[in-house]
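Here are some friendly notes to read alongside the model. Please keep the sequence and the structure open as you go through the points.

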Amino acid sequence: MSTVNIGSTDFESTVTDNELVIVDFWAEWCGPCKAFAPVFEKASETHDDVVFAKVDTEAEQQLAGAAQITSIPTLMAFKKGTLVFREAGALPPAALEQLISGLRDLDLDAALAEHAREQAEGGAEPNGQQPPA
């Protein structure tokens, strides 16, 4: 499967209707985006179980704003409709492969249950810091 271009009309359905989705937020004028594009495209051709989607931030400014994209390229990975990874910057091929492998191996239900348990126990804040005393 090759990459698919998505926008505000099909972003949500793409993310929720597919098990594994990686979204590349990019722009035509962005040098790092252009350098990353062949890496993303090649990965899309070798991983049929993952949807590789691209969002042109210039054409989809409202969607980019809603996704709080402040730097491009930005990658987001979703498993079963849940955002599990978000990082600005182009990944080298090995790091993208590692992300794909981790996405497949992630036990989302267990991770969500652990997060809920930590929140109920007053665990660390999402940024890794302890809540104020």
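1. Helices here are DSSP runs of H or I with at least four residues, strands are runs of E with at least two, and both are numbered from the N terminus. This is a predicted model, in which local features need pLDDT of at least 70 and side-chain atom pairs count only at pLDDT 80 or more, while totals for chains, interfaces and linings use all residues. Residues are numbered from 1 along each chain as its sequence is written, and side-chain values use heavy atoms, with hydrogens and water left out.

2. Is His47 buried or exposed? His47 is buried, at a relative accessible area of 9%; buried means under 20%, exposed over 50%, and partly exposed in between, with a 1.4 Å probe and protein chains only. Its side chain makes a polar contact of 2.9 Å with the side chain of Glu97. Such a contact is a pair of N or O atoms within 3.5 Å; within protein, one must be able to donate a hydrogen and the other to accept it, and residues adjacent in sequence count only if both atoms are side-chain atoms. Leaving aside residues up to four places away in sequence, His47 touches Phe52, Glu97, Ile100 and Arg104, where contact means heavy atoms within 4.5 Å.

3. Next, helix 4. The 13 residues of helix 4 (residues 93–105) should span 18 Å at 1.5 Å a residue, and the end C-alpha atoms are 18 Å apart, which agrees; the expected span is 1.5 Å times one less than the number of residues. Leu96, Leu99, Ile100 and Leu103 of helix 4 are buried. They cover an arc of only 95° around the axis, so they are on the same side of helix 4; the arc is that of the directions from the helix axis to the C-beta atoms. Ala94, Gln98 and Asp105, on the other side of helix 4, are exposed. The cover over the buried residues includes strand 2 (20–26), helix 2, strand 3, strand 4 and strand 5 (82–88).

4. Two strands pair if DSSP finds at least two bridges between them.

5. Strand 2 deserves a look of its own. Strand 2 and strand 4 run antiparallel and are joined by 6 bridges; Asp24 stands opposite Leu75, and Val23 has Met76 as its bridge partner. With strand 3, strand 2 runs parallel, again joined by 6 bridges, and Trp26 is partnered there by Asp56.

6. Finally, the aromatic rings: the whole structure has 4 aromatic pairs. Rings of Phe, Tyr and Trp (its six-membered ring) pair if their centres lie within 6.5 Å; planes under 30 degrees apart count as stacked, over 60 as edge-to-face and the rest as tilted. Phe11 and Phe78 are edge-to-face, 6.0 Å centre to centre with 80° between the planes. Because Phe11 lies in helix 1 (residues 11–16) and Phe78 in strand 4 (residues 74–79), the pair ties together parts 67 residues apart in sequence. Ring pairs link Phe11, Phe25 and Phe78 into a cluster.
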